[in-house]
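This report describes a structural model from its overall architecture down to selected local sites. Please consult the sequence and the coordinates alongside the text.

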Amino acid sequence: MRLDKIATIAWHEYVVNVRRIGFIFVTLLFPALGLLGLIAAGFFSGQMLSLARSQFVPPAKPAGIVDDSRLFTPIASVFAKGFVAFDDEESAKRALLAEKIRAYYVIASDYLATGQVTAYTENIISGSASTESGDLRTFLVNGLLTGKVNDATLTRATNPIKLDLVTLDSKGNRQGGGSFSFIAGFVAPYIFSILLFVSVFAASGYLLRSVSEEKESRVIEIILSSVSPTELLAGKVIGLGALGLTQVIVWLGSGFLLSGGIGALVAGAVVLLNPGSFVVAALYFLLGYLLYGSLMAAAGSLGTSMRESQQIAGLFTFCAVIPWFFYGVLLANPNALLPRVLSFFPLTAPTMMMLRLPMSEVPLIDIIGSLVVLLISIPIALWAGARVFRMGLLMYGKRPAVKEIWRALRNA
Amino acid sequence: MAEYAIQVEDLRKVYGDVIAVDQLDFQVGRGEIFGMLGPNGAGKTTTIRVLMDILKADAGTVRVLGGAPGAARERVGYLPEERGLYRGLRLDETLVYLGRLKGMSVASARKRAAALLEQVGLAEWSRKKAQDLSRGMHQKLQIVASIIHDPALVILDEPFQGLDPVNSEVVKDLIRDLRAHGKTIVLSAHEMSRVEALCERILLIHHGRAVLYGALADIKKQFAPNAIEIAPPLDWQGWAEVARVEARDRKQVVYLQPHIAPRDFLKRILEQGLFVEQFALATMPLEQIFVTVVKGE
Ligand SMILES: Nc1ncnc2c1ncn2[C@@H]1O[C@H](COP(=O)(O)OP(=O)(O)OP(=O)(O)O)[C@@H](O)[C@H]1O
Ligand SMILES: [Mg+2]
């Protein structure tokens, strides 16, 4: 193994493929879609909001107050914009029908005892009464307490809670904050695992194409006269793995920019809050790529054309997708027998474990077991891959029969 | 430094139940042009691929530049039978990459690429993509690619395939030029006239075995018929020594009876006072030797 040759191949693969139209298109597609979505969302939400305003909540119009309790009139000057007092329901109703006010509230005479308030609006859908209930609440609290307590208490009474949530683990240690920890601990790793999965398959797809193109164009024998099949395979796996990583980085980076930093914050939180499972996920990512990559390269060398190679490779991709079929089982119980069995089968292990990891506390034995299975099967896949590769590359115009593949694997 | 550029002993290579090469022995001396001949499917490409470490031998020993196949990749240049280059890459990019794989620096690969493209008349194509080249140009580019790193040993599997006479000459000159610089060249070919013109020693393979091997001159002597080439043509009516006569160009090939030595025959002609401008021992063209051996097997 000559590292300089591997580096030369890796660099060549990276540079040649990174400037392909197809790669650039796919890499920029996601950010472009995101940007488009954002623009569309901005446009529509702006429009919807103004539409909603014009329909339901004309901000210029105040609400009427018919204060039978005599607790809230006259209306304090700070609320003069939002509320107008009416002496009786009749005059308030007339004002509502004349569209001078958006709604009116009748505060019962025994309000202090019952808290009874009746809201009147012109049409039910407007829901303005409920949407304005926050304001109404402030108005009522203010009216009840003004003059009885100091200003600080009054302010606190109208806005009594600034919530911070702390989750404790079984040892009583802080785990982080509330819904954020849910996103960081569950949703983000999940998205992350999908992303890693996508990049593994993007990269091994490039590998497949690169090998089958070199075979199709007959350039492969010249390359093999300069480097060994193992060096070639290693160089391609590294170079195209870096290409896949580039794609993920662009996607993550654009996600960061488009979400105004929230995405990166969440991703950062994933790493910080759960460094253990992040390392494990990264391991599955790496091992998964090495396994699928060497199998894809072998598949690429077997077909007589790109399309044929893709069909052969489809077999491996299918295996990797199997865990998604059992998503239902997984949701019900991530540690059920079937998911556990699939975690120990090399072709399904990376995907299965990436799915299981964020869902629950995965038994340590499963993590160690599946990693060991992968670590054992990767050298085998590389060895078999390089061997099939060597044979497949020199077979032009015909696809080797299973018998011939078997012979290549048996013979030195 | 080993004496031979290539040493092959008792080489055997099988594909499933097809024996492609069997009991093959030969050596290629340093600095010679060595030709590998043989009908289609004889096992030439298989042998070459074993030399290049692209295939593993099933039995026998193979030494290339004194080491195992694959040990001296950087000192061996190779033009495969199945060949092509990156269609979407520029010529200079491809050549620099292949040079890098052979251990050259970018700068020296670039310099050498420019010089070689100039030599084969492809200089102005250097920044074009390979897909824009004609077949013959492609072929020349491939040969350039195989010697980009100035190898000590060059192995060319059918270098004349698909070349017009002019470009064949260009390639021939390139090979002679390599030879003049002390390189060893091994080539396989079907064009006997080219092999005859270029090679010093040859190996004829048939059904995976060597059927002829040695210096071209010796082989030609061995296959020389008991005949002379003579000009101008004469009438041989009534000569007991003459078995038969063939016209060849402006000359005659006179086949003698087995017991007649050419030297005695010449004496008789002179005694008869006949006018002779040319008198030479006839040789069999390589083409004919090839056919004779292959058919006679
Ligand atoms: N990859 C392979 N798998 C199976 N058999 C093969 C393979 N390559 C070559 N052979 C067989 O091995 C024998 C030798 O083939 P080889 O290509 O070495 O011949 P060659 O002398 O180069 O012929 P040509 O002049 O046509 O190029 C043939 O019978 C061929 O069918
Ligand atoms: Mg051949």
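Buried residues, meaning those under 20% relative accessible area (1.4 Å probe, protein chains only), make up 43% of the 412 residues in chain A. The model is predicted, so local features need pLDDT of at least 70 and side-chain atom pairs count only at pLDDT 80 or more, whereas totals for chains, interfaces and linings use all residues; side-chain values use heavy atoms, with hydrogens and water left out. Residues are numbered from 1 along each chain as its sequence is written, and chains are lettered from A and ligands numbered from 1 in the order in which they are written.

## Chain totals

Chain A has 18 helices and 6 strands. Helices (H or I, at least four residues) and strands (E, at least two) are DSSP runs, numbered from the N terminus. Among contacts in chain A between residues at least 6 apart in sequence, 68% join residues at least 24 apart; contact means heavy atoms within 4.5 Å.

For chain B, the secondary structure comes to 9 helices and 13 strands. Of the 297 residues in chain B, 51% are buried. Among contacts in chain B between residues at least 6 apart in sequence, 67% join residues at least 24 apart. Taken along the principal axes, the box filled by the C-alpha atoms of chain B is roughly 75 × 45 × 35 Å.

## Helix packing

Two packed helices are described by the angle between their axes and the distance between the axes. Axes are lines fitted to C-alpha atoms, for helices over the stretch in contact, and angles run from 0 to 180 degrees between N-to-C directions.

In chain A, the axes of helix α16 (residues 349–356) and helix α17 (residues 364–393) come within 10 Å and cross at roughly 155 degrees. α16(A) is therefore roughly antiparallel to α17(A); angles under 35 degrees count as roughly parallel, over 145 as roughly antiparallel, 65 to 115 as roughly perpendicular and the rest as oblique. The crossing of α16(A) and α17(A) is left-handed, a term for a near helix turned anticlockwise from the far one by less than a right angle, with right-handed used if clockwise. On the α16(A) side, A:A349, A:P350, A:M353 and A:R356 meet A:D366, A:I367, A:S370 and A:L374 of α17(A). The residues of this contact between α16(A) and α17(A) divide into 5 nonpolar, 1 polar and 2 charged. Here Ala, Val, Leu, Ile, Met, Phe, Trp, Tyr, Cys and Pro count as nonpolar, Asp, Glu, Lys and Arg as charged, and the others, Gly among them, as polar.

In chain B, the axes of helix α2 (residues 91–101) and helix α3 (residues 106–119) come within 9 Å and cross at roughly 125 degrees. That angle makes α2(B) oblique to α3(B), and the crossing of the two is right-handed. From α2(B), the residues B:L91, B:L95, B:V96, B:G99 and B:R100 meet B:V106, B:A109, B:R110, B:A113 and B:L117 in α3(B). The contact of α2(B) with α3(B) comprises 7 nonpolar, 1 polar and 2 charged residues.

## Magnesium site

Which protein donors does the magnesium ion (ligand 2) have? They are B:T45 (OG1) and B:E81 (OE), lying 1.9 to 2.2 Å from the ion. The pair links distant parts of the chain, 36 residues apart: B:T45 belongs to helix α1 (residues 44–51) of chain B, and B:E81 to the loop between β5 (76–79) and α2 of chain B. Donors are N, O and S atoms within 2.8 Å of the metal (3.2 Å for Na, K and Ca); water is not among the atoms, so sites may look incomplete. B:T45 is buried, with a relative accessible area of 12%, while B:E81 is partly exposed at 26%. Exposed means over 50% and partly exposed lies between the buried and exposed limits.

## Backbone features and loops

| Residue | Phi | Relative accessible area |
|---|---|---|
| A:R70 | about 65 degrees | 61%, exposed |
| B:H207 | about 50 degrees | 61%, exposed |

A:R70 lies in the loop between β1 (63–67) and β2 (83–86) of chain A. B:H207 is found in the loop between β8 (201–206) and β9 (209–215) of chain B.

The C-alpha atoms of A:R70 and A:S109 are separated by 7.5 Å, although the residues are 39 apart along the chain. A:S109 lies in the loop between β3 (103–107) and α4 (111–114) of chain A and counts as exposed at 56% relative accessibility. Not counting residues up to four places away in sequence, A:S109 touches A:D68 and A:S69.

In chain B, the peptide bond from B:A231 to B:P232 is cis, with omega near -5 degrees. B:P232 lies in the loop between β10 (227–231) and β11 (242–248) of chain B.
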